Amino acid sequence: MAASPPVQKASTHVPSLDEVADVLSAGLGKNFADVSASVVDCPDLTKKPFMLVSEGLGGSPRLADVGGPAFLTPTPQLDKKFTFAQIAKLAELPGAFMIGAGAGPWEHVGCNSEMMNNVILDCDGGVVRNNAHIAKVNPENDGCILEKLTVAEFNLMGNFLVSEGKCCKVLEVKAGKRTGEENFVSCMRKTLQSFYQEKIVALGGVFLIEKGKAKLHIMPDFSKEPLTTPKQVGDWLNFYDMSAPLVCVGELVSHDPGMDLRVEHFHCFSEHGEGGHYHWDITPDDVQYRGYFVLADYIYRVDQPPVITDLAR
Ligand SMILES: [Zn+2]
């Protein structure tokens with residue numbers, strides 16, 4: 001077992017949910033015609049369409065930002081392997097519920113892949129429930145293959161909400177009929193950034209693309225050539241138009257206090273074989289988003305790469 005990776009811990013600013021709902025409502029209203037943001041009791045997120053392994057999102061909520069794109073480019077660092085149990089422990093919450101976006105375990109999957117975390121662990125790191133998925137490129141036809149992730153491991157990078165999975169009050173955010181250029185996640189993040197400035201407001205959770213289509217990418221197997229330019233990364237990635245309903249898990253941070261955070265990262269899965277990294281919707285008139293989020297009290301930066309890169313973000 002390799003030495004435990006370094007961890008930095010940052011406290012966040014945690015405003016009231018009511019205040020955040022008001023802020024988001026105003027900000028999203030500039031980018032979507034139909035918007036509502038309110039504070040509600042979390043619905044049972046184990047039910048369809050969400051299919052999370054825990055009913056709620058709450059109880060000691062924190063974010064874990066692990067590794068990053070600098071482990072992927074210019075050439076992949078294939079030794080960057082992590083377990084969910086290791087990250088839960090480093091985030092000071094063994095026995096955690098975890099959801100979010102990362103890269104799949106290449107040795108187990110057989111190639112590089114997108115990973116949608118959705119797991120509950122016990123305090124010894126054992127898996128209590130696992131509905132995590134990976135999405136990989138079918139080498140025969142370039143299509144998407146969505147599979148359950150049967151090991152509690154990932155590689156290279158991960159951006160997770162880590163909590164006790166308890167029922168609690170959550171932010172319910174609905175947005176439909178996009179009128180602006182921002183995607184749902186960037187719009188929320190930039191809204192929080194502009195209101196809270198250098199204060200760090202961090203949230204994680206799940207949103208559903210209920211109607212419409214979205215542009216997602218799936219990383220194909222590792223590039224044989226080094227990836228050194230945005231164009232090379234764009235040419236290497238496989239992009240897809242995927243259909244609702246898509247369940248998207250991940251987190252966002254309004255302000256990076258110099259920890260090389262991935263400030264927004266959501267991955268999607270579905271019951272119809274589609275999944276991957278969320279970019280934006282491509283059906284502005286028809287799109288409908290509905291999300292549930294909690295505010296994180298801390299951010300744990302695990303194994304921050306020594307080099308900062310804008311590639312593959
Ligand atoms: Zn991603």
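Author: Two strands are said to pair if DSSP finds at least two bridges between them. Strands (E, at least two residues) and helices (H or I, at least four residues) are DSSP runs, numbered from the N terminus. The model is predicted, so local features need pLDDT of at least 70 and side-chain atom pairs count only at pLDDT 80 or more, while totals for chains, interfaces and linings use all residues. Residues are numbered from 1 along each chain as its sequence is written, and side-chain values use heavy atoms, with hydrogens and water left out.

Strand S7 (residues 127-130) runs antiparallel to S6 and is joined to it by three bridges, with Asn 130 as the bridge partner of Val 119. S6 and S7 form a hairpin with five residues between them. In the turn of that hairpin, Gly 125 has a positive phi of about 90 degrees.

Burial is judged by relative accessible area (buried is under 20%, exposed is over 50% and partly exposed is in between, with a 1.4 Å probe and protein chains only).

The expected span of a helix is 1.5 Å times one less than its number of residues. For the 12 residues of H1 this gives 16 Å, and the end C-alpha atoms are 16 Å apart, which agrees. Leu 17, Val 20, Ala 21, Val 23, Leu 24, Gly 27 and Leu 28 of H1 are buried. They lie on the same side of H1 because they cover an arc of only 165 degrees around the axis, the arc being that of the directions from the helix axis to the C-beta atoms. Asp 18 and Asp 22 are exposed, on the face of H1 turned away from its buried side.

The zinc ion is the next item. Donors are N, O and S atoms within 2.8 Å of the metal (3.2 Å for Na, K and Ca), and water is not among the atoms, so sites may look incomplete. The protein donors of the zinc ion are His 265 (NE2), His 267 (NE2) and His 277 (ND1), at 2.0 to 2.1 Å. Along the chain, these donors follow the spacing H-x1-H-x9-H. His 265 lies in strand S16 (residues 264-269) and His 277 in strand S17 (residues 276-281), so this pair ties together parts 12 residues apart in sequence. His 265 is buried at 2% relative accessible area, and His 277 is buried at 7%.

Cysteines come last. With a disulfide taken as a pair of cysteine sulfur atoms within 2.5 Å, the count comes to zero. Cys 42 is in no disulfide, and the nearest cysteine sulfur, that of Cys 168, is 5.9 Å away. Cys 42 counts as buried at 11% relative accessibility, and Cys 268 counts as buried at 0%.
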